[in-house]
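The following paragraphs lead through a single protein chain, moving from its overall make-up to the packing of particular elements. Please keep the sequence and the model in view while reading.

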Amino acid sequence: MSMTTALTNTGARLLRNRRLVRAPIWLYRMRAGALFGPRMMMLEHIGRTSGARRYVVLEVVGRPNPHTVVVASGFGAKAQWFRNIAVNPQVRVWLGSHRPVAATAHVLDQQAVDQALADYRTEHPKTWEQFKLVLEETLGQPITDTDAPLPMVELRVQPRP
């Protein structure tokens, strides 16, 4: 097994470890999210059947403007947070160490997904090399330059008063 394959498998396994991926939630709740830098954020969404508040920390794929954040669903359309926002797009976004702000989630169409990935590849080429392999492992299929099987969501953040 090559070193790249081992890293990819480890990365995908880590993303499936519920305890590990939930650990940053407490830091965001304590308003210490800035520790993760500007490329991470926490999304608060409502469970589609339970009605309970749910949280997930996601990588920011893009910031087309100051009031828009784009995130990807690394586990595809089956991710619980992705399924929840499809039912209730009214969410809250935690950026850095700021208080959460209301936002509306909008699933991007294929053309917008392909453009967001192209922009990400250009802005973060080294990160993309490794991230792509992990995403392909979690999605179970290759990510191509067009028609990528990676659902993305645009979060339109309401400006702070």
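Of the 161 residues of the protein, which is shown here as a predicted model, 41% count as buried. The accessible surface comes to about 9,200 Å², and carbon and sulfur atoms contribute 55% of that area. Among the contacts with a separation of 6 or more, 61% are accounted for by residues 24 or more positions apart.

Five helices and six strands make up the secondary structure, and from the N terminus on these elements follow the order α-α-β-β-β-α-β-β-α-α-β.

Helix 3, spanning residues 80–87, has Trp81, Phe82, Asn84 and Ile85 as buried residues. Seen down the axis of helix 3, these buried residues fall within an arc of 160°, so they line one face of the helix. Strand 1 (40–46), strand 2 (53–65), strand 3 (68–72), strand 4 (90–95), strand 5 (101–107) and strand 6 (152–157) are the elements against which the buried residues of helix 3 pack. The face turned away from this buried side carries Ala86 and Val87, which are exposed.

Key
Residues numbered from 1 in each chain as written. Predicted model: local features only at pLDDT ≥ 70, side-chain atom pairs only at ≥ 80, totals over all residues. Heavy atoms only, no water. Helix = DSSP H or I, 4+ residues; strand = E, 2+ residues; numbered from the N terminus. Buried < 20%, exposed > 50% of the residue type's maximum accessible area, 1.4 Å probe, protein only. Contact = heavy atoms within 4.5 Å. Areas by Shrake-Rupley, 256 points an atom, 1.4 Å probe, with all protein chains shown as cover. Arc of directions from axis to C-beta.
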